[in-house]
Amino acid sequence: MTVYFFLQQQVNNREMIKSLREMVEKVLSFKRKRRIAVAWAHDPNTVGAISKAVNEGFAEAIMIGRSAEIVKTCRSQGVDEKAFHIVVADNEADASARAVSLTREGEADVVMKGLVGTDKFLKAIMDRENGIMKPDAVLTYVGALEIPAYHKLLFISDPAVIPFPNLDQKIAMAGYAIEMAARFGVAKPKVALIGASEKMSRHFENSVDYAIMCKMAERGQIKNCIMDGPLDLFLACDKKSIEIKGVPTPVDGDADILLFPSLESCNPFYKGLMLFAQAELAGLIRGTDKPVVLMSRSESELSKYYCIALSCLMA
Amino acid sequence: MVLKNMGDLKTIVAGKPRKKLVLAAAQDQHSLGAVLRAWKDNIIEPILIGDKEGIQNISYENGYDIEGLRIINEPDIDMSVEMAVKMLNSKQADILMKGKVGTSTLLRCVLNKEWGLRTGNLLSHIALFEVETYHKLIAVTDVAMNISPNLKDKIAIVNNSVSFLNRLGYSMPKVAVLGAVEMVNENMEATLDAALLSKMNQRDQIRHCIIDGPLAFDNAISLESAKHKGIKSEVAGDTDLLLMPDIEVGNVLYKSLVFFAKAKVASIILGALVPIVLTSRSDSEQAKYDSVLLSAAASK
């Protein structure tokens, strides 16, 4: 039994993607190109990231916007615009709608936000008749965070979309993160529901949701994961803290997924790690039929490139 | 340790010094009969407070031998209860039992701020059943006292019951939090409270027991049924204590066990300074006797 378990773990470990670079390699190994529709594509960072993905051979790009400006942006980045398909659109809303309709029609596999404002872009995604939301799905964001000081990737949610997730939204967030982790070869991820302490307290409403979710996981109502919470970050990600605090938890300081109680706790978490600890994030909008890449305009070219690779992994 | 039947309570009592039980308003035939039997069996040492003439008449009519028994004459019911409670408050006795007096009168005295038996804990009722179809005694709470306990009340009820079971020798009683289903359902408050109680137990915020819930009644008491549903639980099928979602469910379960399953039952009130035997008039003399036995076993 133990030997079998050990061998199984070896196999799992071998298949597990542990860095964003390994993620790119995995995508390259598919030997197929994903078509990415970029809404309002005249953004130097986006052009740079897309062209890298196209050159490496895992993506094709459909750049949507004012064609003269796309060409100008490409040239300013030293990129040959002939590597892309260009689709003309007059304004941000039109470009977003075109990008979404191309994926709906099967002409593209991924939608990506260019220089368009997030609200206009999401409006096109969520449009009841022409959008690409799954029926009754919760729209949220899941990211894969690479932190040099941690031994594997850490999936986090939600740093971008839902300010204060309720119980149903938290359950959906966990589901999407588990699904993403599975694509990275983590079959039964350890999900830590993050709080300020591991104790239940009526002062922390999230602890109530967390207890309910843990029981749902125990009863198989949330599947394919090992879940515990509330846990503080130390208990979630640091084995030494488990010893010191003496809190038995199946997450065991070895979390794969961190679920945060609010956008305002998750967002500074990843940004802090990016700023001060050389972390990198690849993230996607979830709840849609096709992957949606949405990064803030200030995001680096490398981050955007990783997001594109992630979208190809999930497509 | 696990108790298999009411007789096992006698073993516990035999190993302890004999406890003094005060029967308030003792002029009640069934209560008196049960107390005298327990006295003869060396389970308790009774002190009767009440209408001495009434007590003597009942004894004469039923052939009870009250020779050598301590009887304090207080014909006024309210006064007899007050005297009994004060006696326990000043630690002259160990157990309080209700005789021919209304429950509300008795509880009013128990909860008196100056000379009552308050501890700051919630009072709760616990019933212990011996059912032929279960492999050991099973405790059920709360079927008589708390009507619709909220989460905070449930925590208090579990704590009362667990420290009671700890005293009976259960070092880690298995507590099943009952629901209509074993799944968490947002529309069923009881299942949500059950999840919270389980988590508080995992985090050592409710101690000296193992809690699991929600469990449906069948999964709680039948391992086969739990296996059939694929429930992994240390509690399922081997429950020591069933926590009821509310008094209606609890009361119906209590009565169906007694009437349909011919279960033997013993019950007491927990959360006061001393165990209180507060059986209802409809309880059999045997149930009263077993309750006296239980109170003696549970007494500190």
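These notebook entries record what I looked up in a predicted model.

**Conventions.** I numbered residues from 1 along each chain as its sequence is written, with chains lettered from A and ligands numbered from 1 in the order in which they are written. Local features need pLDDT of at least 70 and side-chain atom pairs count only at pLDDT 80 or more, whereas totals for chains, interfaces and linings use all residues.

**Chain A.** The C-alpha trace spans about 65 × 40 × 35 Å along its principal axes.

**Helix α3 of chain B.** I examined residues 52–62, where I55(B), I58(B) and S59(B) are buried. Viewed down the axis of α3(B), the buried residues fall within an arc of 100° (directions from the helix axis to the C-beta atoms), so they line one face of the helix. The face turned away from this buried side carries the exposed E53(B), Y60(B) and E61(B). Just after α3(B), I noted that G63(B) has a positive phi of about 70°.

**Interface.** I found 13 residues of chain A in contact (C-beta atoms, placed from the backbone, within 7 Å) with 13 residues of chain B. On the chain A side, the largest share, 6 residues, comes from helix α8(A), residues 205–218.

Terms used:
A residue is buried if 20 or more other C-beta atoms lie within 10 Å of its own, exposed if 12 or fewer, and partly exposed in between; C-beta atoms are placed from the backbone. Helices (H or I, at least four residues) and strands (E, at least two) are DSSP runs, numbered from the N terminus. Two residues are in contact if their C-beta atoms, placed from the backbone, lie within 7 Å.
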